[in-house]
Amino acid sequence: MAKRRFKNKKVRYVAIGASLVTGAAAAAVLLPSANAAEELTADQIMRKCQRTSVLNGKQQTTADFGGGLGDGFESDTCDFVETKFETFDGPTEKVTVDFPNCEPNATAPAKVTTEFSKAVGQGQGKYTVTQQGAGGGLFGALSGSWVKHKGTLDMTVKTATASESEQREVPVGKVMHVTFTPKMQRMTGEWRVHIDAREATTVTNATPEQNFVAEEVVEGPVILASAAGTPGLADGTSKVVLEDC
């Protein structure tokens with residue numbers, strides 16, 4: 001059985017992009033703070049993150065999250081902090097039809113061209129505000145966290161598609177097909193929301209500093225570096241499988 005890594009110079013492998021899938025259910029945890037006044041659910045924390053004044057170091061306006069006239073910010077800062085990054089093999093799938101060389105009078109390997117086009121299956125973020133396409137979502141804020149890794153991912157696109165065309169030989173008495181295993185990457189981290197303490201005024205009570213965290217797991221295909229102006233290539237392994245007639 002032949003097993004081969006995709007190489008840019010040998011394989012036509014086109015990445016249209018990559019959307020994301022989040023992993024296991026997220027948990028909301030109240031971080032230690034100065035007299036924190038309340039405990040919030042993960043979705044409530046993510047709303048405060050979306051409607052923050054400063055998102056990952058960038059000043060926002062209320063228009064950035066679809067706010068209207070009179071809307072204000074619900075937190076002072078929200079930052080995504082990566083805690084773990086790993087790569088792993090995605091599910092292996094059969095991507096071609098069977099190519100038999102089973103004729104009774106066959107005496108030589110059969111030359112065939114194996115071709116396939118395969119979309120790497122993806123999902124979306126756990127939280128509504130991290131799903132792609134959600135108005136004023138947070139996917140764009142995650143892009144910077146992927147950039148520092150070799151397998152960078154464009155957080156603004158939704159699918160990754162690969163294609164391959166290869167000349168191969170089917171031995172006498174065998175049936176051949178090709179499988180494809182995408183290489184995936186997983187980023188684990190936390191959305192950390194901070195609300196400053198407020199002094200009492202003539203119309204409001206004093207409020208303590210508050211800190212909240214919502215855990216997140218995001219997955220997507222590994223995208224290799226490419227020449228300027230061209231799509232990156234998704235990484236993966238194709239494998240020839242031979243079976244008896």
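User: How many bridges join strand E4 to E6, and do they run parallel or antiparallel?

Analyst: Three bridges join E4 (residues 52–55) to E6, and the two strands run parallel. Thr52 stands opposite Ser75 in E6. Strands count as paired if DSSP finds at least two bridges between them. The model is predicted, so local features need pLDDT of at least 70 and side-chain atom pairs count only at pLDDT 80 or more, while totals for chains, interfaces and linings use all residues. Residues are numbered from 1 along each chain as its sequence is written, and side-chain values use heavy atoms, with hydrogens and water left out.

User: What pairs with E6 in the antiparallel sense?

Analyst: Strand E11 (residues 174–195) does, over 12 bridges. Asp79 stands opposite Arg192 in E11.

User: How many helices and strands are there in the protein?

Analyst: Two helices and 15 strands. Both kinds are DSSP runs numbered from the N terminus: helices are H or I with at least four residues, strands are E with at least two.

User: Switching to cysteines. How many disulfides?

Analyst: Two disulfides, where a disulfide is a pair of cysteine sulfur atoms within 2.5 Å. Cys49 and Cys78 form one of them, with the sulfur atoms 1.9 Å apart. Cys49 is in helix H1 (residues 42–50) and Cys78 in strand E6 (residues 75–89), so this pair links distant parts of the chain, 29 residues apart.

User: Which hand does the Cys49 and Cys78 disulfide have?

Analyst: The torsion about its S-S bond is about -80°, so the disulfide of Cys49 and Cys78 is left-handed.

User: And are Cys49 and Cys78 buried or exposed?

Analyst: Cys49 and Cys78 are both buried. Buried means under 20% relative accessible area, exposed over 50%, and partly exposed in between, with a 1.4 Å probe and protein chains only.

User: What does Cys102 bond to?

Analyst: A disulfide joins Cys102 to Cys245, S to S 1.9 Å. Cys102 is in the loop between strand E8 (99–101) and strand E9 (110–120), and Cys245 is in the segment after strand E15 (236–244); the pair links distant parts of the chain, 143 residues apart. The torsion about the S-S bond of Cys102 and Cys245 is about -85°, so this disulfide is left-handed. Cys102 is partly exposed, at 35% relative accessible area, and Cys245 is exposed, at 54%.

User: What pattern do the disulfides follow?

Analyst: The pattern is 1-2, 3-4, counting bonded cysteines along the chain.

User: Now rings. How many aromatic pairs turn up?

Analyst: Three in the whole structure. Rings of Phe, Tyr and Trp (its six-membered ring) pair if their centres lie within 6.5 Å; planes under 30 degrees apart count as stacked, over 60 as edge-to-face and the rest as tilted. Among the pairs is Phe65 with Phe73, edge-to-face, 6.1 Å centre to centre and 70° between the planes. Phe65 is buried at 4% relative accessible area, while Phe73 is partly exposed at 37%.

User: Which ring does Phe80 pair with?

Analyst: Phe80 forms an edge-to-face pair with Trp191, 5.1 Å centre to centre and 65° between the planes. Phe80 lies in strand E6 and Trp191 in strand E11, so the pair ties together parts 111 residues apart in sequence. Phe80 and Trp191 are both buried.

User: What lies over the face of Phe88?

Analyst: Arg186, at 4.1 Å from the ring centre. A charge sits over a ring if NZ of Lys or CZ of Arg is within 6 Å of the ring centre and within 35 degrees of the ring normal.
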